[in-house]
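Please keep the sequence and the structure in view while reading.

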Amino acid sequence: MASVNLADSDYLNAGCSIRALCKFSILNTNGKEEYKSIVGVENFDENKNSYCLQKFIERSNLLKRQSELLPDDRLTICFEIFYLCDDITNYSLSKEIPIEESLNMFLNDISKMLCSSAYYDCIIKCILAARSEVFRLTLENKLTEHELNIIEMNEFRLEVVKEMLNFLYTGRSHKIDKLAIEMLEIAGKYKIEGLKTIAAESLLNSLNLENVCEYLEKSEIYSAEILKEFCLRFIYLNADEIIKSEKWSKIVNLYPLLVVRIFNIAVNKC
């Protein structure tokens, strides 16, 4: 069993959250790492400040290779961690945001206006323009009243568009985990930063060997920088498995600068 404990972290004590990617391994007498175990992206905060890797190496296996792994009865465990610290943001997948009474009254008034056909179009246009620079420019460039009421979005599925609108109206997305990649795409296209943030966070939480190359490509296309940084380091930590895949070949051919970034991480460990 191996563990990481961040209880004394100044960041957690200051009310920040930490996203961390960890690797445990054992160094043999030849200086080579064995029994490598990668811990996927974990979130730490004031309520969760440690992580325990339950299955690392069985004692019987360790003793069988005592001469290689326990020279002079000493076990050398290698540990690498990459982490990012963020202030707790308004766009959270789990936390409720306290709303002052005056703001709550305002939102109730807006809700009533949305139920009225007389004000519906006006409110919707205001919300779209306020939440997305792309929508704002699109609405400003419409020449006629008929054009002003139509925005075509043919490149995305109806379910995705509806969920994007739900986020614009409420600031939340209940289907974010199911539609995370498409939410990242539509948020990137229409410059909806809050939606892009929670989509990238959802993808981070599902990062694995099978999807990391796809996530890396999406993060590059849509400038999801935090997602990109974790993908790069996840590939570095799992290079032996990932470089054999066809998805990695695509990254090499289309995004050579990302390959250079991974090389720099391997050399500089940062």
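Ser223 sits in the loop that runs between helix α11 (212–221) and helix α12 (225–237), in what is a predicted model. With a relative accessible area of 42%, Ser223 is partly exposed, because that class covers the values between under 20%, which is buried, and over 50%, which is exposed. The backbone angle phi of Ser223 is near 55°, and this is a positive value in a residue other than glycine.

## The chain as a whole

The secondary structure of the protein chain comes to 15 helices and 5 strands. Of the 270 residues in the chain, 37% are buried.

## How α10 packs on α12

The crossing in which α10 passes α12 is left-handed.

On the side of α10 the contact is made by Ala200, Leu203 and Leu204, while α12 contributes Ile226, Leu227 and Phe230. Sorted by class, the residues of this contact are 6 nonpolar, with no polar and no charged ones.

## How α8 packs on α9

Which angle do helix α8 and helix α9 make where they pack? Helix α8, which spans residues 158–170, packs with α9 at an angle of about 65°, and their axes are 10 Å apart. The two helices, α8 and α9, are therefore roughly perpendicular to each other, because angles from 65 to 115 degrees fall in that class. The crossing of α8 and α9 is right-handed.

The residues that make this contact are Val160, Val161, Glu163 and Met164 of α8, together with Glu182, Met183 and Ile186 of α9. By class, the contact of α8 with α9 has 5 nonpolar and 2 charged residues, but no polar ones.

## Ser173, between α8 and α9

Ser173 is found in the loop between α8 and α9. Its relative accessibility is 10%, so Ser173 counts as buried. The side chain of Ser173 reaches the backbone nitrogen of Ile176 at 3.4 Å. When neighbours within four places in sequence are left aside, Ser173 is in contact with Glu163, Asn166, Phe167 and Ile198; among these, Glu163 is also one of the α8 residues in the contact with α9.

Is Tyr255 buried or exposed? Tyr255 lies in the loop between α14 (246–254) and α15 (256–268), and with a relative accessible area of 16% it is buried, because the cut-off for that word is under 20%.

Not counting residues up to four places away in sequence, Tyr255 touches Glu217, Glu220, Ile221 and Lys250. The side chain of Tyr255 makes a polar contact with the side chain of Glu217, at 3.0 Å. Along the chain, Tyr255 and Glu217 are 38 residues apart, whereas in space they are 8.1 Å apart, taken from C-alpha to C-alpha.

## Two further buried residues

Arg19 lies in strand β2, which covers residues 16–27. At 13% relative accessibility, Arg19 counts as buried. Its side chain makes a polar contact with the side chain of Glu201, at 3.5 Å.

Leu139 is found in helix α6, which covers residues 133–140, and it is buried, with a relative accessible area of 11%. The C-alpha atoms of Leu139 and Cys126 are separated by 9.8 Å, and the two residues are 13 residues apart along the chain.

Terms used. Residues are numbered from 1 along each chain as its sequence is written. This is a predicted model: local features need pLDDT of at least 70, side-chain atom pairs count only at pLDDT 80 or more; totals for chains, interfaces and linings use all residues. Side-chain values use heavy atoms; hydrogens and water are left out. Helices (H or I, at least four residues) and strands (E, at least two) are DSSP runs, numbered from the N terminus. Buried means under 20% relative accessible area, exposed over 50%, partly exposed in between (1.4 Å probe, protein chains only). A polar contact is a pair of N or O atoms within 3.5 Å; within protein, one must be able to donate a hydrogen and the other to accept it, and residues adjacent in sequence count only if both atoms are side-chain atoms. Axes are lines fitted to C-alpha atoms, for helices over the stretch in contact, and angles run from 0 to 180 degrees between N-to-C directions. Angles under 35 degrees count as roughly parallel, over 145 as roughly antiparallel, 65 to 115 as roughly perpendicular and the rest as oblique. A crossing is left-handed if the near helix is turned anticlockwise from the far one by less than a right angle, and right-handed if clockwise. Contact means heavy atoms within 4.5 Å. Ala, Val, Leu, Ile, Met, Phe, Trp, Tyr, Cys and Pro count as nonpolar, Asp, Glu, Lys and Arg as charged, and the others, Gly among them, as polar.
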